[in-house]
Amino acid sequence: MKKLAYATVLGGILGIFDGLTAWFTPEVRDQIVGIVIGSTIKGLVTGVLIGIFAQRVHSLFWGTLFGLAVGAFFAYLILLGNPGHALNIMLPGSLVGLIVGYAAQKHRAVPSERRTP
């Protein structure tokens, strides 16, 4: 699997868990489905951007830092519409970017086997 696909899938999966952390905020539990869907989309977009960066830049430090920045940026955009929940939004969103950035840089594509007849 290429870095772009790997980062996108991982971003989407972690985005689901990012959205599920809203369960720990009682006043938004009735909106959990929308939050999980939005966080999944945010994770997918984050994964795509990080995957593109990881294909071009081969540095664990810069890839992880870029991932953290992208995750924090998208979390901040969500925070602008939901003031008062800074830690509950910024921490999981930033962690998604950090983890995806790190994992995308560490990922090595497995070479496909060629079969000769």
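1. Let's start with leucine 68: its relative accessibility is 32%, so it counts as partly exposed (the scale being buried under 20% relative accessible area, exposed over 50%, partly exposed in between, with a 1.4 Å probe and protein chains only). Leucine 68 sits in helix H3; helices here are DSSP runs of H or I with at least four residues, numbered from the N terminus.

2. Before going on, keep in mind that this is a predicted model, where local features need pLDDT of at least 70 and side-chain atom pairs count only at pLDDT 80 or more, while totals for chains, interfaces and linings use all residues. Residues are numbered from 1 along each chain as its sequence is written, and side-chain values use heavy atoms, with hydrogens and water left out.

3. Leu68 also belongs to a nonpolar surface patch of about 840 Å², together with Phe61, Trp62, Leu65, Leu87, Leu91, Leu95, Leu98 and Ile99. To qualify, a residue needs over 30% relative accessible area and no salt bridge, and nonpolar side chains (Val, Leu, Ile, Met, Phe, Trp, Tyr) are joined within 5 Å; the areas are Shrake-Rupley values with a 1.4 Å probe. H3 (60-81) and H4 (86-106) each supply at least two of the patch residues, and H4 gives the most, with five.

4. H3 has a buried side too: Gly63, Thr64, Gly67, Val70, Gly71, Phe74, Ala75 and Leu79. Those buried residues pack against H2 and H4, where contact means heavy atoms within 4.5 Å. As for geometry, the 22 residues of H3 should span 32 Å at 1.5 Å a residue, and its end C-alpha atoms are 32 Å apart, so the two agree (the expected span is 1.5 Å times one less than the number of residues).

5. On to the inside. The largest nonpolar core has nine residues: Ala7, Leu10, Leu14, Ile50, Ala54, Val96, Val100, Ala103 and Ala104. H1 (3-20), H2 (32-56) and H4 each put in at least two, with H4 giving the largest share, four residues. A core here is a set of buried Ala, Val, Leu, Ile, Met, Phe, Trp, Tyr and Cys residues joined through side-chain atoms within 4.5 Å. Leaving out residues up to four places away in sequence, Ala7 touches Gly47, Gly51, Val100 and Ala104.

6. Finally, the charges. The count comes to one salt bridge, taken as a side-chain nitrogen of Lys or Arg within 4 Å of a carboxyl oxygen of Asp or Glu. Lysine 42 pairs with aspartate 18, the closest N and O atoms being 3.0 Å apart. Lysine 42 lies in H2 and aspartate 18 in H1, so the pair ties together parts 24 residues apart in sequence. Lysine 42 is buried at 13% relative accessible area, and aspartate 18 counts as buried at 9%.

Note on methods: Patch = residues over 30% accessible without salt bridge, like charges linked within 9 Å, V, L, I, M, F, W, Y side chains within 5 Å.
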